[in-house]
Amino acid sequence: MSHDVQLGMPSLPAPDYPAEVRERLAADAKEVIDRYPDSRSALLPLLHLVQAEEGHVTRTGMRFCAETLGLTIAEVTAVATFYTMYRREPGGEYQVGVCTNTLCAVMGGDAIFEGLRRHLGVDNGGTTPDGKVTLEHVECNAACDFAPVVMVNWEFFDNQTVESAKALVDGLRAGRAAEPTRGAPLCTFRETSRILAGFPDPRPGAVEAGGGAGPASLAGLRLAKGEHAGGPARVGPPRGAPPSTTKQQHPGEHPGSHDAPQKTSASDPDHPAGPVTEEGEG
Ligand code: FES
């Protein structure tokens, strides 16, 4: 198997899988493709399938996807390089993603990432020499209630600290079982990729496992639905700001000028450049 992959500038032709591997993957691929009315819709799960085979998406894997779906290598490459859940080079058994998006960052995510970077001796995207842990920044995982969050192979480890995160990666490298805070049990990166390809999740209790949103998100959901959030519901100007003189809009009322449909070149031939705002042409 080739591991010296540069997806940005692939050199052709990519080597094919050994016959027995290709035969096995072809059977798996057929099962996936049969779920879709249009075979090309199966590209994302097939990329997970080939990632499960080798631990990352190789040129060989992309060739397999292209030939199986009747796509060009360029089309497959464009998709494989767009989504960050596809690895472009070999990585560790455990993908440790530290959320450094805004809320997690200020709650300690930046400190956790820096702590792990020093502790593991690898930078973003780097893998420990034992092949166990790949460290990376990740974006918001919609788990902000539990910030700062660390994901291992896309399972949640909530409310982390620098020390708990170090203990987590130490345990993974030592082969000790790590239990996610909620949701399904942990498995390896390749096993996760196969599940993401759409094959049955073999982990005991994984399907039944919870892992839903936290109280703050649920309160926001109730407010969005117009229900009482369970506490004092208040929608108003930011703390310390003078009271707004703008009348609040209620359902059914005519929208204000900010909300009204913008003029376009079609509706306003005198200004063909595009929408017109109060500040000028947009
Ligand atoms: S900012 Fe980290 S989960 Fe949302």
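Helix α3 is followed by Gly-70, whose phi is positive, near 70°. Helices (H or I, at least four residues) and strands (E, at least two) are DSSP runs, numbered from the N terminus. This is a predicted model, in which local features need pLDDT of at least 70 and side-chain atom pairs count only at pLDDT 80 or more, while totals for chains, interfaces and linings use all residues. Residues are numbered from 1 along each chain as its sequence is written.

The secondary structure of the chain comes to 8 helices and 6 strands, arranged along the sequence in the pattern α-α-α-α-β-α-β-β-β-α-α-α-β-β. Of the 282 residues in the chain, 28% are buried; a residue is buried if 20 or more other C-beta atoms lie within 10 Å of its own, exposed if 12 or fewer, and partly exposed in between, with C-beta atoms placed from the backbone. Two residues are in contact if their C-beta atoms, placed from the backbone, lie within 7 Å, and among contacts between residues at least 6 apart in sequence, 60% join residues at least 24 apart.

The buried residues of α3, including Met-62, Phe-64 and Cys-65, pack against α1, α2 and α4 (73–80).

Helix α1 (residues 19–33) has 15 residues, which at 1.5 Å a residue should span 21 Å, and its end C-alpha atoms are 20 Å apart, in agreement with that value; the expected span is 1.5 Å times one less than the number of residues. In α1, Leu-25, Ala-29 and Val-32 are buried. Seen down the axis of α1, its buried residues fall within an arc of 50°, so they line one face of the helix, the arc being that of the directions from the helix axis to the C-beta atoms. On the other side of α1, the exposed residues are Ala-19, Glu-20, Glu-23, Ala-27 and Lys-30. The buried residues of α1 pack against α2 (43–54) and α3 (59–69).

Leu-46 lies in helix α2 and counts as buried because it has 28 C-beta neighbours inside 10 Å. Although Leu-46 and Ala-29 are 17 residues apart in sequence, they are 6.6 Å apart in space, C-alpha to C-alpha.

| Residue | In contact with (C-beta atoms within 7 Å) |
|---|---|
| Leu-46 | Ala-29, Val-32, Cys-65, Thr-68 and Leu-69 |
| Val-169 | Val-96, Leu-116, Leu-120 and Val-133 |

The chain crosses from β1 through helix α5 (residues 102–120) to β2 in a right-handed β-α-β crossover, meaning that, with the strands pointing away from the viewer, the path from the first strand over the helix to the second runs clockwise. Strand β2 (residues 133–138) is mostly covered, with 5 of its 6 residues buried.

Terms used:
Lists of a residue's contacts leave out its neighbours within four places in sequence.
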